[in-house]
Amino acid sequence: MKKKTIILKRIAKNLAYFFPEHSDHFMCPTCLSPISLKLSHTISEAHITPKYSGGTLKTYLCTGCNSKFGAHQDKWLGEYLRLRASGRSLFSTTKQTGRFSVNDIAVSGQFREAEDGSLQFLIWNNKTSPDSLRQLDQISQTEPLSISAELPVLRKSRQVEVGLLTAAYLMWFKEMGYSWVFQRHLDKIRRQILNPDEVVIDQIAVANMEQEVARPWIGIIEIGTTALAAASIGHHIVLLPTFSTPDIAESVSSLRGQTIDTRRQILRYCDGHNFGQPFGIMYQDKAIVASDSFSGAKFKYVILRYDGVSEEPTIFYPMSEEEYQRMSKESNVSQINITPDTK
Ligand SMILES: [Zn+2]
């Protein structure tokens with residue numbers, strides 16, 4: 001069997017827990033359209049971190065979402081990650097095209113870093129006004145030249161952030177499947193991802209790290225008393241809302257300038273698509289991932305609880321009311337109540 005078929009069958013099996021009527025279906029994790037596996041040509045393998053920047057993480061999307069992300073978020077994120085990762089001058093990775101100015105005279109052209117480290121500029125005469133060219137000709141005889149240029153990607157920081165948000169959301173999907181997707185508080189994130197040029201989320205929570213991580217990871221990060229879902233890509237950590245903190249907008253502004261606790265709980269390196277039965281994640285007494293379908297669920301699910309100290313989670317199975325009452329009276333048991341933090 002082809003690798004694609006094997007993975008899509010695994011994803012479909014996970015979906016069938018939540019929607020038995022959609023067995024043998026794939027559901028696009030971003031637009032939530034169900035697609036029969038018989039129409040697998042409309043399901044495509046998608047790079048989570050852009051191929052252009054050397055990204056190797058992949059998942060599946062409907063072809064519509066995949067081509068939209070390719071044209072929007074991947075384009076700028078890929079360019080940006082490549083520039084950051086090159087470790088050389090910002091000019092070195094690609095030749096840049098656009099407008100720049102020479103002694104305050106605006107010109108059109110292209111610039112690049114040559115093998116010997118010098119910068120080379122080409123001015124396109126047919127796209128620069130004859131007046132500018134004349135001025136340029138005059139001053140180049142008499143004055144030293146100073147050239148200033150802006151990299152197009154640096155004007156696209158919003159697009160880069162939406163790209164990082166998309167990648168972070170898909171990394172969690174790749175690891176948790178529909179247990180991650182079917183959480184109502186992620187609707188806003190999905191709306192932002194599907195409308196990359198609109199401002200759905202004012203402030204996308206992205207923290208910059210000095211060190212670049214070699215392998216992207218997902219995990220839990222504590223900032224003050226708030227535990228957030230995180231995904232680390234390149235020099236960045238993207239923070240995502242949790243069941244206990246469904247709206248991180250307020251936390252984001254209070255996070256400014258704070259250092260991130262590096263005692264983060266790294267859950268996975270996103271090897272992915274091995275999720276099987278539905279599961280949720282707790283960190284200490286906070287619910288990080290809890291699907292909407294868990295309340296009154298007819299299927300079995302497990303809760304992985306990380307205590308913040310050991311790497312290995314404790315595994316909880318949901319139990320009947322009687323069983324819960326009986327167990328809660330035992331001497332070695334303490335009770336924890338979780339309510340969504342909506343203040
Ligand atoms: Zn889609």
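**Fold briefing**

An open sheet is built from five strands in the order β9-β12-β11-β10-β13, and the pairing is antiparallel. Its edge strands are β9 (206-208) and β13 (265-268), each of which pairs on one side only. This is a predicted model, in which local features need pLDDT of at least 70 and side-chain atom pairs count only at pLDDT 80 or more, while totals for chains, interfaces and linings use all residues. Residues are numbered from 1 along each chain as its sequence is written.

**The sheet and the helix across it**

- Strands here are DSSP runs of E with at least two residues, and helices are runs of H or I with at least four residues, both numbered from the N terminus.
- Two strands count as paired if DSSP finds at least two bridges between them.
- Ala207 stands opposite Ile237 in β12.
- Neighbouring strands of the sheet in the order β9-β12-β11-β10-β13 are turned by 30° against each other on average, direction ignored.
- Helix α5 (residues 157-176) lies across β9, β10 (217-223), β11 (226-233), β12 and β13, and runs at about 70° to β12.
- For these angles, axes are lines fitted to C-alpha atoms, for helices over the stretch in contact, and the angles run from 0 to 180 degrees between N-to-C directions.
- Contact means that the C-beta atoms of two residues, placed from the backbone, lie within 7 Å.

- A residue is buried if 20 or more other C-beta atoms lie within 10 Å of its own, exposed if 12 or fewer, and partly exposed in between, with C-beta atoms placed from the backbone.
- Leu32 is not a glycine, yet has a positive phi of about 60°.
- Leu32 sits in the loop between β1 (25-27) and β2 (34-36), and is partly exposed, with 14 other C-beta atoms within 10 Å.
- Asp104, also not a glycine, has a positive phi of about 70°.
- Asp104 belongs to the loop between β5 (96-102) and β6 (105-113), and is exposed, with 9 other C-beta atoms within 10 Å.

**The buried side of α2**

- In helix α2 (residues 63-71), the buried residues are Cys65, Asn66 and Phe69.
- These residues lie on the same side of α2 because they cover an arc of only 100° around the axis, the arc being that of the directions from the helix axis to the C-beta atoms.

**Whole chain**

- The chain has nine helices and 17 strands.
- Of its 343 residues, 33% count as buried.
- Among contacts between residues at least 6 apart in sequence, 60% join residues at least 24 apart.
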